[in-house]
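Please keep the sequence and the structure in view while reading.

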Amino acid sequence: MISLDTASQSPPPIDGIFRALADPTRRCVVERLNRSPASVSELAEPFEMALPSFVEHLKVLEGCGLVQSQKTGRVRTYSLSPEPLKLAENWLAEQRALWERRLDQFDAYVMSLKESEK
């Protein structure tokens, strides 16, 4: 049973991953980093927003572990961390399998009802 008292518990990591991916700007950043690491200015270039606002998006992605950064001199470079994406992918695969099983059972039930009507 799932406890509704979450005040004493920290949310599971997957919550932060899905929260981060809920924003289209952050999804675009993840897609861009899927190709190769990039500097903050390279990542911010396609977006029409102030750099401090864009950096907040990067902080959210880094906070949930989807990206990691490295500073060399004055340049901060971000790269994708695939482990959290695998966590989300595995959760989605479990949900898909559960619903496919349920739909198969429902289909079998409906077919049995049709057969009993004959």
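E56 and K59 form a salt bridge, with their closest N and O atoms 3.4 Å apart. The model is a predicted one. A search of the whole structure finds one salt bridge. Both partners, E56 and K59, sit in helix α4. They are three residues apart, about one turn of the helix. How accessible is E56? E56 has a relative accessibility of 43%, so it counts as partly exposed.

## Overall layout

The protein has five helices and three strands. Read from the N terminus, the order of elements is α-α-β-α-α-β-β-α. The protein has 118 residues, and 24% of them count as buried. Take the contacts between residues at least 6 apart in sequence: 51% of these join residues at least 24 apart.

## Helix α1 and its cover

Helix α1 spans residues 13-21. Its buried residues are I14, G16, I17, A20 and L21. Looking down the axis of α1, these buried residues fall within an arc of 160°, so they line one face of the helix. Which elements cover them? The cover includes α2 (24-35), α4 (51-63) and α5 (82-117).

P13 also belongs to α1. P13 is exposed, at 58% relative accessible area. Its C-alpha atom is separated by 8.8 Å from that of L87. Along the chain, P13 and L87 are 74 residues apart.

## Aromatic rings

A search of the whole structure finds two aromatic pairs. One of them joins F18 and W91. The ring centres of F18 and W91 are 5.5 Å apart, and the planes meet at 65°, so this pair is edge-to-face. F18 lies in helix α1 and W91 in helix α5, so the pair ties together parts that are 73 residues apart in sequence.

Another ring has a charged neighbour. R102 lies over the face of W99, 4.7 Å from the ring centre.

## The nonpolar core

The largest nonpolar core has 19 residues. Which of them have the most contacts inside it? They are V29, L33, L43, L58, L61, L66 and Y78. The elements that give two or more residues to this core are α1, α2, α3 (40-44), α4 and β3 (75-80).

L61 is one of the residues with the most contacts inside the core. Leaving out residues up to four places away in sequence, L61 touches A20, R26, V29, V30, L66 and V67. Among these, A20 is one of the buried residues of α1.

A38 lies in strand β1, which covers residues 38-39. Its relative accessibility is 1%, so A38 counts as buried. Not counting residues up to four places away in sequence, A38 touches R32, L33, L43, R76, T77 and Y78. L33, L43 and Y78 are among the core residues with the most contacts. A38 and S79 are 41 residues apart in sequence. In space, their C-alpha atoms are 6.8 Å apart.

T25 is found in helix α2. T25 is buried too, with a relative accessible area of 13%. Its contacts, again without residues up to four places away in sequence, are F47, M49, F54 and H57.

## Pairs at a glance

The table gathers the pairs described above, with the distance for each.

| Pair | Kind | Distance |
|---|---|---|
| E56 and K59 | salt bridge | 3.4 Å, closest N and O atoms |
| F18 and W91 | edge-to-face aromatic pair | 5.5 Å, ring centres |
| R102 and W99 | R102 over the face of W99 | 4.7 Å, to the ring centre |
| A38 and S79 | 41 residues apart in sequence | 6.8 Å, C-alpha to C-alpha |
| P13 and L87 | 74 residues apart along the chain | 8.8 Å, C-alpha atoms |

Definitions and conventions. Residues are numbered from 1 along each chain as its sequence is written. This is a predicted model: local features need pLDDT of at least 70, side-chain atom pairs count only at pLDDT 80 or more; totals for chains, interfaces and linings use all residues. Side-chain values use heavy atoms; hydrogens and water are left out. Buried means under 20% relative accessible area, exposed over 50%, partly exposed in between (1.4 Å probe, protein chains only). Helices (H or I, at least four residues) and strands (E, at least two) are DSSP runs, numbered from the N terminus. The arc is that of the directions from the helix axis to the C-beta atoms. Contact means heavy atoms within 4.5 Å. Rings of Phe, Tyr and Trp (its six-membered ring) pair if their centres lie within 6.5 Å; planes under 30 degrees apart count as stacked, over 60 as edge-to-face and the rest as tilted. A charge sits over a ring if NZ of Lys or CZ of Arg is within 6 Å of the ring centre and within 35 degrees of the ring normal. A nonpolar core is a set of buried Ala, Val, Leu, Ile, Met, Phe, Trp, Tyr and Cys residues joined through side-chain atoms within 4.5 Å. A salt bridge is a side-chain nitrogen of Lys or Arg within 4 Å of a carboxyl oxygen of Asp or Glu.
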